[in-house]
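Please look over the sequence and the model shown here, and then work through the questions and answers that follow.

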Amino acid sequence: MSSVKKPTVDAKKPEKGKQEKKQKSEKTVNSMFKVEGEKITRARPTCERCGPGYFMADHHDRYTCGHCGFTRYKQK
Ligand SMILES: [Zn+2]
């Protein structure tokens, strides 16, 4: 009888070098729209650089765009 024992080969695990980053879900975009009847009022100003659709963060003295970093100071 021939008893051939096959060596157990350890399956090499793929190296964890690249971990895919989870993209942030932009759930806050929809909440910025205030739909009143047929009118859509903008709660925040939009970015002048990025165009409509890119809202700017409302700070106490300025608006900042989180997309391009544009800052617009509030005028009193
Ligand atoms: Zn912008």
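**Strand pairing around Ala-57**

Q: In E5, what is the bridge partner of Ala-57?
A: Ala-57 lies in strand E4, where strands are DSSP runs of E with at least two residues, numbered from the N terminus, just as helices are runs of H or I with at least four. Two strands pair if DSSP finds at least two bridges between them, and E4 and E5 pair in the antiparallel sense over three bridges. In E5, the bridge partner of Ala-57 is Thr-64.

Q: How is the model to be read, and which strand has the highest mean pLDDT?
A: This is a predicted model, in which local features need pLDDT of at least 70 and side-chain atom pairs count only at pLDDT 80 or more, while totals for chains, interfaces and linings use all residues. Residues are numbered from 1 along each chain as its sequence is written. The pLDDT is the predictor's confidence in each residue, from 0 to 100; its mean over the chain is 76, and 57% of the residues reach 70 or more. Among the elements of the chain, strand E2 (residues 39-42) has the lowest mean, 54, and the highest, 94, belongs to strand E5 (residues 62-65).

Q: Is Ala-57 buried or exposed?
A: A residue counts as buried if 20 or more other C-beta atoms lie within 10 Å of its own, as exposed if 12 or fewer do, and as partly exposed in between, with C-beta atoms placed from the backbone. Because Ala-57 has 11 other C-beta atoms within 10 Å, Ala-57 is exposed.

Q: Which residues does Ala-57 touch, not counting residues up to four places away in sequence?
A: Contact requires that the C-beta atoms of two residues, placed from the backbone, lie within 7 Å. Cys-47 is 10 residues from Ala-57 in sequence and 9.6 Å away in space, C-alpha to C-alpha. With residues up to four places away left out, Ala-57 touches Tyr-63, Thr-64 and Gly-66.

Q: Which strands are the edge strands of the sheet?
A: The open sheet has four strands in the order E3-E4-E5-E6, with antiparallel pairing. Each edge strand pairs on one side only, and these are strand E3 (46-47) and strand E6 (71-73).

Q: In the hairpin of E5 and E6, which residue takes a positive phi?
A: E5 and E6 run antiparallel and are joined by three bridges, and in E6 the bridge partner of Arg-62 is Tyr-73. Their hairpin has five residues between the strands, and the residue with a positive phi, near 85°, is Gly-69.
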